[in-house]
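Hello,

Here is the structure I promised to pass on to you. Have a look at it first, and then read on for what turned up in it.

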Amino acid sequence: KYVTATLSISYSDLLKQWMSAIDSYAPRNNKVFQKIPEPHVIIVGTHKETAVLSEEAIVEEFRCKSYLKILKKIVFVENTDQNSQDFSDLKTSIQKVLNNFVVPTPAKWALFRKVLSKFAGDNPVVPFDVAVTIGEQCKIPAETMPRVLEFYHELGVFLFYPKMEYVIANP
């Protein structure tokens, strides 16, 4: 016998939950990330003509929340016309965020990322010792590899958990 339940949650509550999750899981300045920028969120509402929440209502809902600082833009688009000014505004907003989101990365680490991703190919699970060997070929000392992999894990490039003996190179 199955039990069905209906959950009543508002768009506003869903948006707050989503923003809170981004804010709590986002990387912060720490031993791995020395100068990482804050997360940048652009909320995109579709069906502009029938939107349930307005930009002002969203900002008011977030006014006293810690995650207001990560909200960079709210854009509503009418998703039936990709040539509208709404989409141009959205593209401009995304480009501004991307231009400001630069994470300083040592060149050796960037090379390692490219080589490991290429090595993994269609089989994304790479044993940790193989990742260390690839890192050493990129002139990264073995003892530094956990830090490198944590860095890329925080960025979402790789999945790496220190207690496991493998890296997911193409998550």
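Ile70 is in contact (heavy atoms within 4.5 Å) with Met19, Ile22, Asp23, Glu38, Pro39, His40 and Val41, leaving aside its neighbours within four places in sequence. You will find Ile70 in the loop between helix H2 (55-62) and strand S2 (71-76). Helices (H or I, at least four residues) and strands (E, at least two) are DSSP runs, numbered from the N terminus. Is Ile70 buried or exposed? Ile70 counts as buried because its relative accessibility is 0%. Here, buried means under 20% relative accessible area, exposed over 50%, and partly exposed in between (1.4 Å probe, protein chains only).

Before going further, a word on what you are looking at. This is a predicted model, in which local features need pLDDT of at least 70 and side-chain atom pairs count only at pLDDT 80 or more, while totals for chains, interfaces and linings use all residues. Residues are numbered from 1 along each chain as its sequence is written, and side-chain values use heavy atoms, with hydrogens and water left out.

Now the overall picture. The protein has six helices and five strands, and along the sequence they follow the pattern α-β-α-β-α-α-β-α-α-β-β. Of its 171 residues, 31% are buried. Among contacts with a separation of 6 or more, 63% are between residues 24 or more positions apart. The protein exposes about 11,600 Å², with carbon and sulfur atoms supplying 54% of that area; accessible areas come from the Shrake-Rupley method with a 1.4 Å probe, and for residues only the protein chains shown count as cover.

Next, the inside. A nonpolar core is a set of buried Ala, Val, Leu, Ile, Met, Phe, Trp, Tyr and Cys residues joined through side-chain atoms within 4.5 Å. The largest one has 20 residues, and Phe112, Leu116 and Phe158 have the most contacts inside it. Helix H4 (107-120), helix H5 (128-137) and helix H6 (145-155) each supply at least two residues of this core, and H6 gives the largest share, five residues. Not counting residues up to four places away in sequence, Leu116 touches Val126, Ala131, Ile134, Phe158, Val167 and Ala169. Apart from this core lies another, of eleven residues, including Val41, Ile43, Ile74 and Phe76.

How do two of these helices meet? H5 and H6 pack at an angle of about 100 degrees, and their axes are 10 Å apart. That makes H5 roughly perpendicular to H6. Axes are lines fitted to C-alpha atoms, for helices over the stretch in contact, and angles run from 0 to 180 degrees between N-to-C directions; under 35 degrees counts as roughly parallel, over 145 as roughly antiparallel, 65 to 115 as roughly perpendicular and the rest as oblique. In this contact, Phe128, Ala131, Val132 and Gly135 of H5 meet Met145, Pro146 and Leu149 of H6.

Finally, two loop residues to look up. Lys139, in the loop between H5 and H6, has a positive phi of about 70 degrees although it is not a glycine. Lys139 counts as exposed, at 61% relative accessibility. His47 also has a positive phi, near 55 degrees, without being a glycine. His47 lies in the loop between strand S1 (41-45) and H2 and is partly exposed, with a relative accessible area of 41%.

Enjoy exploring!
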